[in-house]
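Good morning, and thank you for coming. Please take a moment to look at the sequence and the model.

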Amino acid sequence: QVQFVESGGGLVQPGGSLRLSCAASGRSFSSYAMAWFRQVPGKERQFVAAISGSGTRTLDADSVKGRFTISRDNAKNTLYLQMNSLKPADTAVYYCAADLSPRDPVVAYLYDYWGQGTQVTVSS
């Protein structure tokens with residue numbers, strides 16, 4: 001069985017930075033394509049970024065491109081999201097997700113496993 005636990009969320013001022021982590025338990029972390037999604041109350045879960053199992057390929061949402069960087073350290077079984085130049089519109093609960101059989105990385109319901117979410121609030 002695999003589990004994913006997120007950390008690193010919090011309150012930050014506009015223009016600030018945060019790094020989110022998603023620590024995986026269980027074996028075969030490198031077999032999963034991983035992604036970050038975010039969600040605000042009353043809205044659908046929104047794709048943020050995805051990364052292949054090896055870490056060699058990434059895909060970023062247009063809304064975060066150039067500001068956020070997804071990465072992974074398979075030796076540490078950990079996924080990261082470095083968030084720079086944060087805006088109030090980035091405020092959301094951020095979730096990591098794992099997909100054993102990648103198809104379309106931007107579609108939330110195709111992912112097999114999800115973390116519990118971590119709150120990111122960008123406000124002055």
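This is a predicted model: local features need pLDDT of at least 70, side-chain atom pairs count only at pLDDT 80 or more; totals for chains, interfaces and linings use all residues.

Let me begin with a question: which side chain meets that of Arg67 in a salt bridge? The partner is Asp90, and the N to O distance is 2.8 Å.

Asp90 has another partner to consider. The side chain of Arg38 also meets that of Asp90 in a salt bridge, at 2.9 Å from N to O. Here, too, distant parts of the chain are linked: Arg38 lies in strand β4 (residues 33-39), and 52 residues separate it from Asp90. Taken together, Arg38, Arg67 and Asp90 are linked in a network of salt bridges.

For Asp90, the relative accessible area is 1%. Arg38 has a value of 7%, and because buried means under 20%, Arg38 is counted as buried as well.

As a general principle, side chains of opposite charge can pair when their charged atoms come close.

How many salt bridges does a search of the whole structure find? The search finds three. The one still to be described joins Arg103 and Asp99, whose closest N and O atoms are 3.8 Å apart. The two partners differ in their surroundings. Asp99 is buried, with a relative accessible area of 2%. Arg103, by contrast, has a relative accessibility of 53% and therefore counts as exposed, since the cut-off for that class is over 50%.

Let us now step back to the whole chain. What elements does the chain contain? There are eleven strands and zero helices. From the N terminus on, one therefore reads β-β-β-β-β-β-β-β-β-β-β.

Turning to its dimensions, the C-alpha trace spans about 40 × 25 × 25 Å along its principal axes. The radius of gyration is 13 Å, which agrees with the value near 14 Å that a compact globule of 124 residues would have. Of those 124 residues, 43% are buried. Among contacts with a separation of 6 or more, 58% are between residues 24 or more positions apart.

The accessible surface comes to about 6,500 Å², and carbon and sulfur atoms account for 48% of that area. As for charge, the chain carries 12 positive and 9 negative side chains, and the centres of these two sets are 4 Å apart.

Is Cys96 buried or exposed? Its relative accessible area is 0%, so Cys96 is buried. Leaving aside neighbours within four places in sequence, Cys96 is in contact with several residues, including Phe4, Cys22, Trp36, Leu79 and Trp114. Gly115 is also in contact with Cys96. These two residues are 19 residues apart in sequence, yet their C-alpha atoms are 5.4 Å apart in space.

To summarise, Asp90 pairs with Arg38 and with Arg67, and Asp99 pairs with Arg103. Thank you for your attention.

Conventions. Residues are numbered from 1 along each chain as its sequence is written. Side-chain values use heavy atoms; hydrogens and water are left out. A salt bridge is a side-chain nitrogen of Lys or Arg within 4 Å of a carboxyl oxygen of Asp or Glu. Helices (H or I, at least four residues) and strands (E, at least two) are DSSP runs, numbered from the N terminus. Buried means under 20% relative accessible area, exposed over 50%, partly exposed in between (1.4 Å probe, protein chains only). The radius of gyration is taken over C-alpha atoms; the globule rule is 2.2 Å times the number of residues to the power 0.38. Contact means heavy atoms within 4.5 Å. Accessible areas come from the Shrake-Rupley method with a 1.4 Å probe; for residues, only the protein chains shown count as cover. Lys and Arg count as positive and Asp and Glu as negative; His and the chain ends are not counted. The place of a charge is taken as NZ of Lys, CZ of Arg, CG of Asp or CD of Glu.
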